[in-house]
Every structure is written in structure tokens, then in C-alpha cells.
Amino acid sequence: MATATATNTNKSVLWDWLTTVDHKKLAVLYLIAGALFFLKAGLMAIFMRIQLMSAENTFLSGQTFNEFVTMHGTIMLFLAVTPLIFAFMNFVIPLQIGARDVAFPFVNALGFWIFFFGGLLVSVSWFFGGAPDAGWTAYVPLSSGEYGDLGLDFYVLGLQISGLGTLVSAINFIVTIINMRAPGMTMMRLPLFCWTGLVTSILIVFAFTPLAAGLALLMLDRIFGAQYFNPGSGGNPVLWQHIFWIFGHPEVYILVLPAFGIISEVIPAFSKKRLFGYTAMVFATLIIAFLSFMVWVHHMFTVGIGPITNSVFAIATMAIGVPTGIKIFNWLFTMWGGKIIFNTAMLCASSFVPTFVLGGVTGVMLAMVPVDYLYHDTYFVVAHFHYIVVGGIALGLLAGTFYWYPKMFGHKLNEKLGQLMFWMFYVGFHLTFFIQHILGLIGMPRRVFTYLDGQGMETMNLVSSIGAFMMGAAIIVLLINVVYSAYTSKRVTVRDPWDARTLEWATTTPVPEYNFAQTPQVRSLDPWFYEKVHGDGTMKPAEPMDEIHMPNGSILPLTIGLGLFVWGFGMIMMQMENPLIPEWIVIGAGVIITFGSMLLHSIHEDHGYHIPLDKIKKIEKEVS
Amino acid sequence: MSDSVDVSKGLPPNPEKATLEGKNKFLGFWVFLGGETIMFATFFGTFLGLRDGTAGGPSASELFSLPLVFIMTMLLLTSSLTSVLAMYSMKKNNFKNMMVLTGVTVLLGFAFLGFEIYEFYEYVHHGGLGFTTSAFGSSFYSLVGLHGAHVTFGLFWFITLMIRYSRTGITLTNAPKFYLASLYWHFIDVVWVFIFTVVYLMAIGGA
Amino acid sequence: MSDEMSKPFDKSALTHEELLKINRERKIQITAFACMIFLTLLAFIAVAMEMIAPGFTVPFILLLAVVQFALQLFYFMHLKDKDHEWPNAFMLTGIVVSTPAVIALILLLGVTKY
């Protein structure tokens with residue numbers, strides 16, 4: 001039974017990708033899906049900057065602007081950056097820990113498809129009377145059944161579904177990192193990207209669950225008339241703000257920690273030095289994760305909760321500066337005295353450091369309660385968090401893209417175009433957002449679609465918009481680079497094109513589906529570098545060459561995701577005035593598809609198949 | 001992978017964690033339970049924050065009756081014990097006992113669920129507390145209802161396992177599945193301990 | 001090997017010592033169950049009979065709940081056993097993060113200003 005399926009290789013390419021449970025292919029799917037959502041949300045940002053380019057502009061209506069503001073934030077956080085970090089985590093983490101696959105390959109695919117269909121559900125809102133328009137924070141009562149339109153139903157249900165996908169993926173990553181490490185890969189030898197991936201996944205498990213609870217409350221409020229947020233019936237709108245930010249603050253760290261991890265991989269690789277203060281970096285990550293759950297009220301200083309509460313949370317917030325500072329200094333000391341190679345990946349990684357410091361400094365400014373009353377809901381806040389998310393996360397992701405691209409796709413990205421992209425992006429970024437600090441300080445409120453003439457805001461907004469166009473152009477250069485490099489770049493045939501340090505570079509390029517023919521024996525931190533210096537330049541095997549057990553692909557993750565999509569859409573139809581077909585039929589169909597697929601998966605025992613020894617030897621000979 | 005399990009002497013002492021797959025499922029499920037903790041905490045917080053918001057409708061102390069809650073608590077606690085004993089039988093490779101004890105767990109669970117439905121029915125039709133009556137009503141039904149939904153899911157999980165594996169005996173594949181369902185059932189019981197304390201007893205005990 | 005994943009066993013590999021151990025464990029579990037029933041009774045009686053001063057009822061029954069919570073987790077869900085370090089870590093994290101969240105949702109709603 002086991003080997004019979006192994007010979008079945010004449011599947012069509014499309015079917016192969018739809019049913020894949022291979023972490024490397026899922027990484028590519030995540031990368032494509034995340035990049036598409038990123039482009040969409042980026043385009044919305046460009047449109048908003050066009051609208052704000054001059055005073056009293058009429059390029060967008062106020063309603064459209066609100067929808068763009070909401071969708072830009074929602075998509076970027078939930079549907080663009082999250083899948084992009086998952087793409088790298090999926091591809092890199094099993095390779096870095098010396099594993100053949102993740103702990104639950106099926107759940108890995110399930111996580112992707114549920115995320116994807118959830119994102120699709122949020123996106124189809126455009127065709128049913130407009131996108132959500134209450135901001136990505138969806139504060140009640142603006143988002144409640146009384147004031148919010150149908151778009152908010154898409155927000156609530158789409159994010160619930162995509163959040164479920166993110167949650168199961170996170171559980172999968174945690175178990176992978178804890179249980180699937182190669183012999184000798186102790187926790188304190190884990191590469192920092194794995195550490196941040198682990199901590200991010202833990203944060204997801206403990207932050208996305210309150211979000212699910214909060215969204216469930218909002219859904220019950222909107223669709224079933226619950227009274228949690230209505231003071232007239234004994235409810236309290238501040239409740240939503242608490243639940244949202246109990247999730248919302250850790251969410252920032254969920255996104256930025258993997259970026260820290262990427263930076264911590266790229267900087268040592270191109271400084272030709274080991275990471276300075278590895279242990280301190282690990283503990284700083286853990287402390288940041290802990291503190292991220294203890295500071296959420298700093299988003300609510302102006303609500304009027306009380307002075308003692310505000311002070312406590314202000315101090316806790318400032319405390320985050322300490323572990324973050326440790327990280328900053330460790331990156332600087334890693335570069336100090338190293339033989340630095342300034343290619344695109346390293347440019348992004350090294351320029352991340354000062355940019356992130358700027359975002360951190362304004363963060364501490366915002367943590368001071370008395371002055372926060374001045375900053376609150378102005379462009380100062382917008383500038384602050386864009387220094388974190390663009391200057392931090394986006395630069396980290398770009399560095400990761402250029403760094404891991406040869407392993408993922410078998411060729412490097414073009415360096416000239418890459419550096420052009422970097423400089424356009426970097427200059428454009430500072431043009432866009434630095435000036436927004438000042439705009440905020442002179443009183444320009446965020447989320448407002450226009451401003452009056454003669455208040456001294458025209459020039460600065462124009463500069464900001466020009467910067468945004470430069471960033472947009474930089475992303476176009478990146479896209480050109482992807483296509484151009486695919487045709488012109490030399491194939492990478494060596495294992496380790498960057499002369500790097502960690503285990504993913506010990507695999508052959510392209511990586512065979514089983515990753516390692518023999519599980520490697522890890523003898524040190526930076527195991528690949530260790531073997532290059534102290535060994536013979538190859539990983540010592542921890543086991544004899546034998547046939548390899550692999551999981552079978554399955555279409556069920558896709559059908560479960562589809563079922564949830566239909567189910568969610570049916571729930572939204574309950575709010576539609578003229579739904580054409582009875583919503584109960586749609587909901588029922590969704591429930592049956594979802595649980596039917598789950599039942600099928602649970603009833604049918606699938607033990608996977610084995611790749612026979614002679615086939616492994618043949619593949620190994622081909623790739624090396 | 002599973003290749004390293006020694007099966008020559010019979011069912012391994014801890015069959016749920018004998019294989020790597022079992023170990024992974026075991027850890028993954030615990031991670032999930034950790035996440036469930038804060039999800040229930042959010043619903044508990046919502047209930048506690050809003051329980052005085054009766055908006056002129058019935059309040060908690062007017063509605064709740066101790067005997068009903070006491071019976072429900074006993075049912076669920078006992079089902080937790082039978083579930084533990086089922087896992088004891090599993091370790092001893094006593095398949096028949098395991099199935100019988102799991103069956104008892106399911107019956108007790110259905111009894112609990114029946115009482116809960118009866119309770120909700122009473123409150124809605126005779127107590128005057130609907131889901132939309134007040135913030136108290138909404139948060140009460142969503143907290144206890146979420147627990148009830150977990151009970152329902154747990155029951156269907158047990159039933160699926162019992163039907164699917166009614167004749168297979170204990171294998172290295174189904175042992176982790178039975179074990180996880182049992183963990184889930186205990187977790188539901190743990191949550192109920194807080195529900196009867198925080199929701200019912202605290203309302204009647206006058207805080 | 002994967003074929004053996006779906007095969008039942010005609011005997012158990014438990015050694016005599018292991019059998020004694022799980023028998024002892026079962027005894028402890030039944031004792032724990034008796035404790036839980038007792039604690040539940042105590043909580044219900046404390047409320048129904050107004051046994052103790054009203055101000056102390058709430059902390060008292062909460063304490064009983066926490067003890068019962070620990071009994072369930074450690075004895076029924078085996079958190080006390082070895083090989084449960086990670087599950088312990090995750091449950092502990094869950095509790096640590098839940099505590100400020102619940103307190104905030106009860107107290108920090110802007111009704112009373114702290």
C-alpha cells in the first residue's frame with residue numbers, strides 16, 4: 001500500500017499545486033497570495049495619497065476614502081504581511097532545523113487555504129455595496145449593526161475565517177520547531193529566525209483567539225442583535241476596544257518579530273561574523289513577547305479609563321524599549337568590524353536598523369500619557385507606526401526576499417535592479433512618512449479624507465505623496481526584477497551561493513521534496529558554518545541512507561476552506577436585503593462541505609508513502 | 001518517524017505518544033488548549049463586565065436555580081472521571097472497556113446538554129431573558145452557549161471515533177485520537193468549573 | 001511499517017512495574033475525583049446556606065474553583081507527569097495572559113476611573 005502511491009507521478013501541475021502539502025510549495029503559494037494582497041493594499045495607499053496631494057481634492061469621495069483606509073490597514077496586517085512572513089517561515093524553518101517537513105503537513109495546507117478563502121471573503125465585499133469603512137480597528141458603535149453597512153459583515157466573517165487559518169498554521173509551526181529538530185539542534189542552537197518564528201507563533205495562538213472572540217461578539221451584535229456594546233441596554237463600547245487591543249498590540253509584534261529574525265539572519269551572513277549576543281537576542285525576543293500582552297491600554301489612553309491605569313501601562317510600554325534596544329545594539333555589534341558586503345539584502349537589513357530606531361523613539365514619545373493626548377489620532381501616530389511596519393517589517397521582508405530567493409527559485413534576483421529598488425524605496429519611504437510627524441504635530445487628523453486650504457498642510461502633503469509614488473515605483477522595479485531575473489539570471493547550482501551560516505544552505509539547490517536525504521547531525525550554533533570551518537564542508541549524517549516517509553497530498557484543505565467561505569457568505573446573506581437564494585441553503589451547504597471534508601479526513605487513515613532508496617540516490621545524483 | 005516504535009511486545013505503555021505523529025498531535029493539541037484558555041477568558045471577562053447591565057430585564061439572581069446547576073455539574077464531573085478511566089483502559093490495551101467508558105461519557109454529556117437546553121428554554125420562555133434583552137442576557141448566553149457548543153463538538157468527536165473504530169481495536173493511529181478527545185473533554189470540564197462558580201454561584205452568593 | 005499503524009495488538013507491552021504504576025495513578029485519580037466532588041459540594045453549600053460572611057463567599061468559592069482547576073489539570077490531564085514541560089508552559093502562558101485581560105474587562109471599562 002505504501003509504495004504504490006509513490007509511483008503515481010503523472011498528476012497535472014495545477015492539481016499538484018492545489019493538493020500539495022509540501023512546505024516549500026505552500027511557501028510559494030503564501031508568497032504569491034501575500035504579494036497580490038500587498039499590491040492591492042499598496043495601490044489603495046497610492047490612491048489615498050493622490051487624494052491628499054492637494055487641499056480639498058475631489059479625486060476620491062469621503063466614503064471611498066474611508067473604505068480604502070480600512071481595507072489598506074486590514075489587508076496589510078492580516079492578508080499581506082502575515083502570509084508573507086508565513087511564506088518565509090514555511091520555507092525556511094523546516095530547512096533551518098534540519099527537518100523533512102513540518103509537523104502537520106495537512107494542517108499546513110489547511111492553514112493556507114483557510115487564510116486564502118477568508119481573505120477572498122473580505123475582498124468580495126467590493127461587489128456587494130462597498131468595503132468595510134470603520135477603520136481596521138472597527139470600533140463600535142461605528143461598526144455595530146446600527147451604523148455599519150454590509151461591508152462590516154464581510155470584515156467580521158472574513159477575518160474570522162482567515163484568522164482561523166493563521167491560528168492553525170501557528171500551532172503547526174510551534175509543534176514543528178519543538179518536535180521536529182534534527183539531532184543536536186538544541187533550543188539554544190536554533191537560528192534566530194526559528195526563535196522569532198516560534199515566538200511569533202506563540203503570540204498568534206494567544207492573540208488571535210481573543211480576536212476570534214471579539215469578532216464573534218461583533219458578529220453576534222451585527223447579525224443576531226446582541227447588546228454587548230449598546231449602553232442603552234447595559235452594554236459598554238469600551239469592551240470592544242479592550243478586546244481588540246488585547247489582540248491588536250501583540251499583532252504588531254507578531255509581524256515585526258519575524259522581520260527581526262530575518263535581519264538577524266541576513267546581517268551575520270553578509271558581515272561574515274556570527275550574530276553578536278545570541279543568548280541576549282533570544283531572551284530579548286521572549287521579553288518583548290511577554291510585554292506585548294501587558295501594554296495594550298496605551299492605545300486607549302484618551303478613553304478616560306483613569307490616571308493610575310494609564311501610568312501603569314505607560315511604564316510597561318516604555319519598558320519594551322529595553323529589550324528592543326538590546327537587539328539594536330546586537331545588530332550594530334554584529335556589523336562592527338565585519339567584512340560587510342553591501343548587496344540588496346544587506347542594504348535593506350542594515351538600513352532597517354536606523355529606521356526602526358526612529359519608529360521606536362516616537363513609540364516612547366507616544367507612551368507618555370500627557371503628550372499622547374496631543375498626538376492621539378493625528379498623523380504623528382500614522383508616521384510612527386509606518387516607521388515600524390514599513391521601515392521595519394517591509395524592509396525585513398525585502399531583505400528576506402533577496403536573501404532566500406536563490407534557495408526558493410533557483411536563481412538570484414538582479415543586483416542592479418535590486419539596489420535601484422532599494423534606494424527608491426528607502427528615499428521614498430522617508431519622504432512619505434518623516435514629514436507626516438510634522439503634519440501630525442501641526443494638527444492634521446488621521447483617517448480624514450481632505451483638509452482645508454491655507455492651513456500650512458499643502459506642501460508637506462505634496463512631499464508625502466511624491467514619496468509614496470517613489471515607493472510605488474520601487475515596487476514596480478521589484479516586479480520587473482522578478483520577471484527579468486527569471487529569464488536572464490544564471491541558475492544557482494551550488495548549495496550555498498552567499499557563503500552563509502545556517503542549515504538551509506546545506507541543502508542542494510533546488511531542494512528535493514524530502515529536503516535532506518539523511519537527517520544532519522548538528523554540532524554547533526550556525527552548523528553549516530561550523531562544518532565549513534571545522535569539518536569537511538558537508539553536514540555529518542545522523543542516520544544511514546534509507547527510504548523516506550512522505551505525506552500524501554490532499555484536496556481536502558481546499559474544500560474545507562471553500563466550505564468556510566460558503567458558510568461565511570451565507571451568514572452575510574442574512575444581512576442582505578434581497579439575497580436571491582435563501583441564506584439557510586447557503587449556510588447549510590457551507591457547513592456540510594466544511595464538516596464533511598473534516599469527517600472524510602478523520603475517517604480515512606492516510607499513512608503517506610515511502611520514497612524508495614534507489615530513487616533517492618538517483619535524485620541526489622541529479623542535483624549534486 | 002514511526003519506524004522507531006517497538007511493537008513486538010504489544011501495545012506500547014503510552015500508545016498516544018508512541019509515534020512521532022502522536023507526539024506532534026499531543027503537543028499541538030495542548031498549544032490549542034492554551035489558546036482556548038484566553039478565548040474563554042475573553043468571554044468570561046465580557047460576562048463579568050456586563051453582568052450588571054440588565055437594562056430593566058431579569059437579573060442573574062432572579063433567574064438562576066442552584067439545584068439545576070448542581071445536577072449539571074455532577075453530570076459533567078462524572079463524565080470527566082469516566083473519560084479518565086477510559087484512558088486507563090486504553091493504556092492497558094483493554095479496548096472493550098475503553099469503548100464502554102467512552103460511551104458512558106457520551107451519555108453523561110448528552111444528559112448535561114439536555115439540561116442546558118432545558119435551562120435556556122426556561123429562561124427564554126418563562127424567565128423573560130432573551131438573547132437580545134440586555135447586555136447581561138447576550139453575554140450570559142454567549143459564554144454558556146460557547147461552552148455548550150464545545151460540549152456538542154466534543155460529543156460528535158467521541159461519536160465519530162467510536163463509530164469509525166468500533167471494530168479495529170486500539171492502534172497506534174487511533175490511540176492519539178482518543179487521547180486528544182479525552183483531553184478536550186477534561187478541558188470542557190475545567191471551563192465548566194469556572195462557569196458554575198463565576199456565573200451561577202457568584203450571582204446567587206451576592207457579589 | 002506504516003501498515004502496523006492500523007493494526008490492533010493482542011497484548012500490552014506494560015511491564016509489571018508499569019502496570020502497578022498506572023493502577024496507582026488510577027487510585028490517585030479517583031481520590032482527586034472525590035476531592036472535586038467535595039469541593040463542589042462545599043462551594044454550593046457555602047452559597048446556599050450562607051455559611052460564611054457574604055464578603056468572603058466570593059473569594060472562597062473562587063479559591064475552591066482554582067483548586068479544582070489544578071486538580072483537573074494535574075491529575076486528569078496529566079500535567080504533573082514528565083514529558084509535559086511544554087504543555088505546562090503553554091497552559092501557564094494562557095493563564096498569565098488571561099489574567100490581566102479578564103481584570104481589564106471587568107474593571108477598566110471607564111465606568112469607575114482607576
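1. Chain C is assigned two domains: domain 1 covers residues 18-80, and domain 2 covers residues 82-114. The coordinates under review are those of a predicted model. The centres of domain 1 and domain 2 of chain C, taken over C-alpha atoms, are 21 Å apart. Seven residues of domain 1 of chain C and six residues of domain 2 of chain C take part in the contact.

2. The two domains of chain C bury about 440 Å² between them, and carbon and sulfur atoms account for 68% of that area. On the side of domain 1 of chain C, the residues that lose the most area to domain 2 are C:Phe69, C:His78 and C:Leu79; together they supply 71% of what that side buries.

3. In chain A, attention is drawn to helix α5 (residues 150-179) and helix α17 (residues 556-573), whose axes come within 10 Å and cross at roughly 155°. An angle over 145 degrees counts as roughly antiparallel, and α5(A) and α17(A) are therefore roughly antiparallel to each other. The crossing in which α5(A) passes α17(A) is right-handed.

4. Which residues make this helix contact? From α5(A) come A:Leu150, A:Asp153, A:Phe154, A:Leu157, A:Ile161 and A:Leu164. From α17(A) come A:Leu564, A:Phe565, A:Gly568, A:Phe569, A:Met571 and A:Ile572. Sorted by class, the contact of α5(A) with α17(A) comprises ten nonpolar residues, one polar residue and one charged residue.

5. Most residues other than glycine have a negative phi, and most peptide bonds are trans. Against that background, the peptide bond joining A:Val140 and A:Pro141 is cis, with omega about 0°. A:Pro141 is placed in the loop between α4 (105-123) and α5 of chain A.

6. The loop between α4 and α5 of chain A also holds A:Ala138. The phi of A:Ala138 is near 45°, a positive value in a residue other than glycine.

7. Where does A:Pro510 lie? A:Pro510 is in the loop between α15 (458-488) and β1 (520-521) of chain A. A cis peptide bond links A:Thr509 to A:Pro510, with omega about -5°.

Definitions and conventions. Residues are numbered from 1 along each chain as its sequence is written. Chains are lettered from A and ligands numbered from 1 in the order in which they are written. This is a predicted model: local features need pLDDT of at least 70, side-chain atom pairs count only at pLDDT 80 or more; totals for chains, interfaces and linings use all residues. Side-chain values use heavy atoms; hydrogens and water are left out. Axes are lines fitted to C-alpha atoms, for helices over the stretch in contact, and angles run from 0 to 180 degrees between N-to-C directions. Helices (H or I, at least four residues) and strands (E, at least two) are DSSP runs, numbered from the N terminus. Angles under 35 degrees count as roughly parallel, over 145 as roughly antiparallel, 65 to 115 as roughly perpendicular and the rest as oblique. A crossing is left-handed if the near helix is turned anticlockwise from the far one by less than a right angle, and right-handed if clockwise. Contact means heavy atoms within 4.5 Å. Ala, Val, Leu, Ile, Met, Phe, Trp, Tyr, Cys and Pro count as nonpolar, Asp, Glu, Lys and Arg as charged, and the others, Gly among them, as polar. Domain bounds come from an automatic or database domain assignment. Buried area is the accessible area (1.4 Å probe) that two parts lose on being put together, summed over both.
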